[in-house]
Amino acid sequence: MTKDGGGTDLIPGLDALPGAVAAKPNKPGTPAKSGKKGARRPAAELPVARIAVDMSLPHLDRPFDYLVPAELDDKAVPGCRVRVRFAGQLVDGFLLERVAESGHGGKLLFLERVTSPEPVLTPEIVALVREVADRYAGTFADVMRLAVPPRHARAEAEPVEETAPALPEAPDAGVWREYPAGESFVSALAGGRAPRAVWTALPGPDRTAAIARAVAATLSGGRGALVVVADGRDVARVDAALEAELGEGLHVALTAELGPAERYRRWLAVLRGKARAVVGTRAAMFAPVADLGLVVLWDDGDDVHAEPHAPYPHPRDVLALRAHRSGAGALIGGFTRTTDATQLVETGWAHALAADRNRVRARMPRVRYVGEDAQLARDAAARTARLPNVAFEAARQALESGPVLVQVPRRGYVPGIACGRCRTPARCQTCQGPLALASSHAAPYCGWCGHIAGDWHCPECGFFQVRAVVVGAKRTAEELGRAFPGVPVRTSGREAVLDRVGPERALVVATPGAEPPAESGYLAALLLDGWVLLGRPDLRAGEETLRRWMNAASLVRPQGPVVVAAEGALPEVQALVRWDPVTYAERELAERREVGFPPAARMASLTASPAAIRELLSDTRLPDDAEILGPVPVPQAGPEAQDKERALVRVPRAAGNALARALKEAQGVRSARKATETVRVQIDPLELI
């Protein structure tokens with residue numbers, strides 16, 4: 001086992017693995033001699049295989065050389081899955097390439113077996129996985145687990161259909177005609193070129209049809225397409241649009257809900273070139289689309305895109321790397337524009353794709369704002385629903401003929417309570433977590449440990465009654481039901497997300513991201529408790545608030561009323577009123593550039609105990625212009641966050657790769673030393689609290 005001449009005896013810290021042994025020197029690149037009858041012989045041609053072993057230890061993040069036995073010569077093809085003996089154990093791996101000689105000075109071990117001769121790794125995906133691992137200070141094995149789904153032998157053994165559906169003819173621009181550069185974008189894709197655009201979509205339901213038309217244009221030019229959206233509901237909508245545009249057989253949808261067999265079956269259809277287009281959630285960003293010609297990412301600011309597993313790659317960066325490597329076009333779209341997408345436009349990597357102002361004004365809703373100190377209506381029903389007069393009247397008039405959307409920032413009933421007398425936040429006596437109420441008659445319970453605090457009393461004044469600090473979606477639905485008797489009230493949130501609502505009268509109370517589209521659109525929308533979204537201690541709070549507001553308001557019919565409960569002087573409110581997310585994003589990016597925050601700068605987050613952070617930083621050769629912020633205690637998000645600290649390392653954008661490389665090397669040093677605690681390293685984390 002080796003990489004570039006190294007062997008097991010040259011691997012620092014290998015004795016940390018169970019059963020690890022040192023290889024004895026032998027003739028370079030040859031197996032140990034054996035006098036036994038029937039000893040394994042290496043393959044006659046290209047006998048050395050470079051293997052990526054499924055080990056996440058940073059100091060072992062490199063390929064190792066093995067010998068290919070003659071009996072496995074036909075099966076051991078680049079990209080296949082194998083089993084090898086590593087440090088005394090049988091482990092999985094991928095065969096990256098076969099070469100004639102190894103530079104290792106010791107003996108080489110044989111491959112134990114080929115798990116599957118299916119070449120599941122293409123050269124493009126191998127290079128992409130390596131680049132993503134380096135960019136995010138991760139390991140090849142960690143990224144590989146995200147890129148390649150687990151094998152399902154039965155699905156893999158199914159016969160492959162030889163015939164494939166015919167590619168579509170070049171379509172016309174369709175809904176892209178509503179954008180000045182839309183027709184040229186579609187024609188460039190159909191011509192096999194690689195246009196790259198940041199798309200600010202018009203409000204309304206046309207986005208899925210626009211994505212499908214762009215994919216059809218790409219396929220007509222003989223290239224493949226990859227679409228990544230936030231969740232399964234969006235996958236279903238784009239999947240339906242693609243089927244209407246392309247027919248059956250040319251595309252597949254990839255989601256975790258499919259189950260291991262069906263998901264692997266569809267993934268193989270992409271690998272084998274039968275399916276030319278893919279739509280899926282974030283895991284689909286590594287789908288092995290042949291001859292990739294277009295990557296699409298919808299709503300890149302949605303936090304659902306954030307990968308929760310190391311090394312935490314974001315689809316926006318991964319798809320940009322794929323487009324650059326493959327010479328493919330790119331379409332990053334949304335109703336709003338993130339500062340990260342604005343950075344791509346300002347650097348010239350992509351061009352802006354937006355409608356003119358006259359078209360925007362014709363399609364946008366009419367937005368009104370109501371300050372937090374607004375007076376409630378004299379109507380008792382309005383007071384019951386906690387609605388300002390403007391919002392109450394807008395809902396009442398719209399409910400005469402159709403559905404009304406009500407966006408509430410928090411789920412649950414009352415997710416935050418405080419002392420009814422002195423307003424001290426109510427905390428759990430067991431773990432100090434926040435107390436909440438599940439219903440009007442329930443006892444307070446802890447949101448962290450679940451402890452029932454039926455005997456709670458204020459530690460400051462001794463009072464035993466509580467008041468709501470934040471009202472959730474369930475409580476809001478209850479209050480609206482009393483304010484509008486006879487009107488059906490439906491809720492949509494994490495527990496149960498509605499897929500669609502009809503045109504009949506209804507109040508739809510939804511949390512951000514769970515708003516179901518209405519047939520023919522909502523007649524009005526109320527965006528409540530804006531201070532909850534804007535008051536979050538997060539760098540992206542304003543950007544995220546505007547994104548959630550505009551996503552909800554885009555479901556309203558053109559010129560329909562939208563009432564937002566927030567102060568009108570706020571930049572986010574003004575951007576919503578004018579329906580101008582581009583100007584807001586450009587100003588936000590300029591402000592971050594002045595203070596040195598992402599995406600204008602690159603930043604790494606290090607989370608662990610104080611001692612582990614100090615040890616890692618002492619082993620890291622940071623770039624000369626690096627700046628260390630902290631460490632500070634991790635904001636309380638649960639009992640597991642106790643005794644943890646976080647440090648931020650900031651560098652200019654040009655030094656981002658050097659920072660990731662330095663942190664990865666330091667992680668390798670700690671791994672070789674058998675460090676007992678792992679430091680969580682995130683490059684450009686989505687949340688900076």
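Contact here means heavy atoms within 4.5 Å. The legends below describe a predicted model.

**View 1. Contacts of V278 in the largest nonpolar core.** Beyond its neighbours within four places in sequence, V278 is in contact with A225, L226, V227, V252, L254, V270, A284, A287 and V289. The core has 69 residues, and L226, V278 and F286 touch the most other members. Helix α7, residues 260-271, gives the most to this core, with six residues. Another core, of 65 residues, lies apart from it; A277, V296, L555 and L576 are among its members.

**View 2. Residues 51-149, a domain listed by UniProt.** The unreviewed UniProt entry lists this stretch as "domain: Primosomal protein N' 3' DNA-binding".

**View 3. P159 in the loop between α3 and α4.** Helix α3 covers 153-157 and α4 covers 182-190, with P159 in the loop between them. P159 counts as exposed because its relative accessibility is 78%, where exposed means over 50%. Its C-alpha atom is separated by 30 Å from that of A141, which is 18 residues away along the chain.

**View 4. Cysteines C458, C422 and C80.** The cysteine sulfur closest to that of C458 is in C422, at 3.5 Å. This is too far for a bond, because a disulfide requires sulfur atoms within 2.5 Å. C458 is buried, with a relative accessible area of 2%. C80 also counts as buried, at 0% relative accessibility. Zero disulfides are found in a search of the whole structure.

Technical notes: Residues are numbered from 1 along each chain as its sequence is written. This is a predicted model: local features need pLDDT of at least 70, side-chain atom pairs count only at pLDDT 80 or more; totals for chains, interfaces and linings use all residues. Side-chain values use heavy atoms; hydrogens and water are left out. A nonpolar core is a set of buried Ala, Val, Leu, Ile, Met, Phe, Trp, Tyr and Cys residues joined through side-chain atoms within 4.5 Å. Buried means under 20% relative accessible area, exposed over 50%, partly exposed in between (1.4 Å probe, protein chains only). Helices (H or I, at least four residues) and strands (E, at least two) are DSSP runs, numbered from the N terminus. UniProt positions are given in the numbering used here, feature names are shortened, and annotations may be inferred rather than shown by experiment.
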